[in-house]
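Subject: Structure handover

Hi,

Here is the structure for your files. Please open it alongside this note. What I found comes after it.

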Amino acid sequence: MTAPMAVIDALVVQTAAYMGEKAVAPLERLHALKQKYSRELPG
């Protein structure tokens, strides 16, 4: 499951780069969720 997660993360980063500044808040929320559920996520 590590490879699919890496692909998804790369897509999120590229989308955020395209969106610019308005992508910062959602990315911070995603980061917080990943930290909160890190033990339950694959990889």
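One cut-off first: a residue is buried under 20% relative accessible area, exposed over 50%, and partly exposed in between. Leu30 has a relative accessible area of 32%, so Leu30 counts as partly exposed. Please keep in mind that this is a predicted model.

Overall picture

The protein chain holds two helices and zero strands. Its C-alpha trace spans about 30 × 20 × 5 Å along the principal axes. There are 43 residues, and buried ones make up 5% of them.

On charge, the chain carries 5 positive and 4 negative side chains. The centres of the two sets lie 5 Å apart.

Helix H1

Helix H1 covers residues 2-19, which is 18 residues. From first C-alpha to last, H1 reaches 26 Å. That is close to the 26 Å expected at 1.5 Å a residue. Just after H1 comes Gly20, with a positive phi of about 80°.

Two residues of H1 deserve a look.

Thr15 sits in H1. Its relative accessibility is 42%, so Thr15 is partly exposed. A polar atom of the Thr15 side chain lies 2.8 Å from the backbone oxygen of Leu11. An α-helix has 3.6 residues a turn, so residues three or four places apart point the same way. Thr15 can also be placed against Ala3, 12 residues away in sequence. Their C-alpha atoms are 18 Å apart in space.

Gln14 is also in H1. Is Gln14 buried or exposed? Gln14 counts as exposed, because its relative accessibility is 57%. Gln14 and Ser38 are 24 residues apart along the chain. The C-alpha atoms of Gln14 and Ser38 are separated by 22 Å.

Between the helices

How many salt bridges does the structure hold? The count is one. The side chains of Asp9 and Lys34 form a salt bridge, at 2.5 Å from N to O. The pair links distant parts of the chain, 25 residues apart. Asp9 belongs to helix H1, and Lys34 to helix H2 (residues 24-36).

Lys34 has a relative accessible area of 26%, so Lys34 is partly exposed.

Back to Leu30, which is found in helix H2. Leu30 and Val12 are 18 residues apart in sequence. From C-alpha to C-alpha, Leu30 and Val12 are 9.9 Å apart in space.

In brief

The chain has two helices and zero strands. One salt bridge is present, and the Asp9–Lys34 pair links helix H1 to helix H2. Buried residues make up 5% of the chain.

Best wishes

Note on methods. Residues are numbered from 1 along each chain as its sequence is written. This is a predicted model: local features need pLDDT of at least 70, side-chain atom pairs count only at pLDDT 80 or more; totals for chains, interfaces and linings use all residues. Side-chain values use heavy atoms; hydrogens and water are left out. Helices (H or I, at least four residues) and strands (E, at least two) are DSSP runs, numbered from the N terminus. Buried means under 20% relative accessible area, exposed over 50%, partly exposed in between (1.4 Å probe, protein chains only). Lys and Arg count as positive and Asp and Glu as negative; His and the chain ends are not counted. The place of a charge is taken as NZ of Lys, CZ of Arg, CG of Asp or CD of Glu. The expected span of a helix is 1.5 Å times one less than its number of residues. A polar contact is a pair of N or O atoms within 3.5 Å; within protein, one must be able to donate a hydrogen and the other to accept it, and residues adjacent in sequence count only if both atoms are side-chain atoms. A salt bridge is a side-chain nitrogen of Lys or Arg within 4 Å of a carboxyl oxygen of Asp or Glu.
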